[in-house]
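Let us learn to read a fold, one feature at a time. Keep the picture open as we talk.

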Amino acid sequence: MEMLWLWWRTSLFAVIIAAVATARPYRILLDTDVDSDDFFAMLYLLKLNKSEFDLQAITINTNEWSDGGHSVNHIYDILYMMGRDDVAVGVGGEGGILEDGTIQPNVGGYIPIIDQGSGTAGPCRYRQTIPVGAGGRLYKDTNFGYRKSFLPQGSRRYSPLEQPTAQQVLIKKISDGPISLFVIGAHTNIAIFLMTNPHLKKNIEHIYIMGGGVNSKNPNGGNHGNLYTCFKSNPYAEFNFFGDPFAAYQVIHSGIPVTLVPLDATNTIPITQNFFEEFERNQHTYEAQYVFKTLKMVRDTWFDNHFYESCFMWDSFMSGVSTSIMRNLHKRNGENEFAEMEYMNITVITSNKPYGISDGSNTLFDGRSVPKFNLSKNGVHSGHVQTGIQDPFCFQSNGIGKCKDGYTEKVSGPDSVRVLLATRAKQNRDNSSSLDREFFVSFLKVLNQPQNQGRFNFTSQFPYYKEVLYKPDFKGEELGKTVVFDMDMSAGDFLALFYLLKVPVKTINLKAILVTPTGWANAATIDVIYDLLHMMGRDDIIVGLGDPFGLNQSDPNNPSVGSCKYLQAIPHGSGGLLDSDTLFGLARDLPRSPRRYTAENSVEFGAPRNTDHPQLRQPLALEVWKSVVKSIDIGSKITILTNGPLTTLAKILLADANASSIIQDVFILGGHIDYTRHDNGNVINVPSNKYAEMNMFLDPFAAKVVFDSVLDVTLIPLSMQRKVCLFPHIIKKLDFENKTSEAHFSQRLLTRMYQLQQRNHRYQHMDTFLGEILGAVILTTDQRTLNPTFEAKPLNVEATGDTSRDGQIIVDPKQRKSIKVLKRFDHLSYYDVFADRLADAKQSAVIGSFNEQKRIWSTPQIRTEIKS
């Protein structure tokens, strides 16, 4: 009897242990492009019981709807709000794919696999379907302006060469044990991982994907796909699969079980008016408030009057379907609460028939005796690959595009893969409810439940938060000449802005800043300008946002999208946009300004409807220009300093016939004049163009407009900038006691750039940014200090569409107009001039940092000491 009892007790213990073992939480890794509905899905997952569903990591897909620097900090802030700083976040990477197909470690996913080279610069054949400005990446990078105004800011942030990469996070989390992947963006990161780590496939239990469309019909056009910007060339694909079709093929064909939630299903769960209104009444947590604010702005800025019929629960629906399937694995055929399912054989189209051709569109095959990755010479990848929105191959006389790149097609045969596919959203089981889909009920319940709720938002985390604008009182002061600064938001431009703000107002009156987002930073980086102005007590300076495309670079049928023909020279990763958008990881140390980019708008400015706060609308560059012109006295004129591509200035000249008569002179930092052809330009990543300077190259047609105008132009060429590119000199000059806040921040930024240059080859061009301060110094400094000399030259800018020559400046005796060119100056005294200006206590920062703000907002005594 005793033996029987021991046996029973041992058996029971074993059963309990087995039960506990099988009750482990489902580990999840989310790969996202950080579109609005992506973080809806992420918050849904974060709200679920962690003992059941444990979101372990987030990797960011950087070649679709958002940009790496903005999106990674957005994710960090959401996780901080939710108390989940334990979730690993990976973005980017500097690895490349060699010509022989060797995939290096840490490929960043900035470029689709077919175009991935040795770095992070490259073309945008697929991404050009996504709007760059309003309605696209600008909206997502800023989350319509709510990211900055609502989310708290924690300690985690992007930091150069320290940020975990996407591949590092994937390898670490998948190596740790069984895990499921949720993919709600382009598939580049996951495909690269699978192609380079086949030994870890066994740890991936399942891949759940939102994307594709098999039997789907777009409700507004009848097409299979949803590429609304290029239906005329590709009516078949869905955005996530079109972002990198070859990568999607690798994932679908990986041999790992796949569940797909395609447009077939998401098209059956539109965001109805009833759901919207119910959501509006139920915002009981910070995360619910953040999602609803976003959703409302999506509705209020929707391009037509059919929001309730054409905006769907995409990625959030996928997160609900997938977790419900996982919860019900004991049931067959993917049975779940929210969607009807069926198995289907599909594939992903990566190239167009006929196969085996070579027409210059397919870098995996063209000009190769052995195809890249040892692909079959006449296989499914060997046809024509869509090159862009306006690819002539894709157009037909009937107006319906024939390209199928990214299409998830139902097929049979050896190239087919059996996947579990959601076909329709399930009706709400409660017929009396106003919510007609079962998932609507779950979504609102989960977001509003008190478990795992967000701790605070930006304002509620500080007991004494107060919104303050700092505007100087110049009454009674004699103001200097009116200056407008046109910047592309590179690091050097921010250092130049510090300098301009320190110049006495009796010398220059900086009236406005124009942002040209066709250069070193994405448009959303405009928020860093607002923060710097707030720091310096200059919330009175208006900031205008320029067009997102250079001259002749937007699509003729849809100006919101276009080519990156010239911009592709700038790296997306280290040393490029990733660092410019975050000011090399230091932007978050600046005090937080109440001013920010917002998507607020009104019918007065051409919007389809008024948003709730149209007075907060971000003014455009041309509007700001007109405002400055109206504000100056009759007979007064304006001096312009440009520190980037000449896009905005050219568009002012083309739009305002009187602009030339109002502009006193223009100082242009840029251009390269090498009479002997011994000294190269600085257009990185375009080796065929040896002699152009980057600002001229990025928009050569705009440069030509400006150079050919009647404006009085002073050029500060690359050769002069290179005379003041010694990091140790300028850093040492700033190393004095009792630094002003602006001097301290500038020294930190310069030191970081110099250290990065010393550590990693991706940062070898940092000298370029150091030279960008020169224009501000030459414009504002007494000539007796630097003793500059100039010479007049008849100059012409190459602008023919040939990237091997565009942007080059030649001396052309046929030109009737001469340009004044800086020939020499006292470059040794320059460092003293810059440092002394930043050291001056006059016109100094009124609030030094975000940490100082936090102390003010956390302490009632300090709060009363700050002038408002």
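**Reading the model**

Q: Is Leu583 buried or exposed?
A: This is a predicted model. Leu583 has a relative accessible area of 1%. Buried means under 20%, so Leu583 counts as buried.

Q: Where does Leu583 lie, and what is its phi?
A: Leu583 lies in the loop between α18 (577-582) and α19. Its phi is positive, about 50°, although Leu583 is not a glycine.

Q: What is phi near in Phe373, and where is Phe373 found?
A: Phi of Phe373 is near 60°, again a positive value in a residue other than glycine. Phe373 is found in the loop between β7 and β8.

Q: Which peptide bond is cis?
A: Look at the bond from Lys353 to Pro354: it is cis, with omega near 5°. Pro354 lies in the loop between β7 (339-348) and β8 (408-410).

Q: How do I describe two packed helices?
A: Give the angle between their axes and the distance between the axes. Take α16 (residues 491-502) and α26 (residues 741-759): they pack at about 160°, with axes 11 Å apart. Angles over 145 degrees count as roughly antiparallel, so α16 is roughly antiparallel to α26. The crossing of α16 past α26 is left-handed.

Q: Which residues make that contact?
A: From α16 come Ala491, Leu495, Phe498 and Lys502. From α26 come Glu742, Phe745, Ser746, Leu749, Leu750 and Met753. Sorted by class, the contact has 7 nonpolar, 1 polar and 2 charged residues.

Q: How do strands of a sheet pair?
A: They pair through backbone hydrogen bonds, either parallel or antiparallel. Here is an open sheet of 8 strands with mixed pairing. Its order is β12-β11-β10-β15-β16-β17-β21-β18.

Q: Which strands are at the edge?
A: They are β12 (542-545) and β18 (789-793), and each pairs on one side only. On average, neighbouring strands of the sheet are turned by 25° against each other, direction ignored.

Q: How many bridges join β10 to β11?
A: There are 7 bridges between β10 (residues 481-487) and β11 (residues 508-515). The two strands run parallel. Val484 stands opposite Ala512 in β11.

Conventions: Residues numbered from 1 in each chain as written. Predicted model: local features only at pLDDT ≥ 70, side-chain atom pairs only at ≥ 80, totals over all residues. Heavy atoms only, no water. Axes fitted to C-alpha atoms, helices over the stretch in contact; angles between N-to-C directions. Helix = DSSP H or I, 4+ residues; strand = E, 2+ residues; numbered from the N terminus. Parallel < 35°, antiparallel > 145°, perpendicular 65-115°, else oblique. Left-handed = near helix turned anticlockwise from the far one by under 90°. Contact = heavy atoms within 4.5 Å. Nonpolar A, V, L, I, M, F, W, Y, C, P; charged D, E, K, R; others polar. Pairing = 2+ DSSP bridges. Buried < 20%, exposed > 50% of the residue type's maximum accessible area, 1.4 Å probe, protein only.
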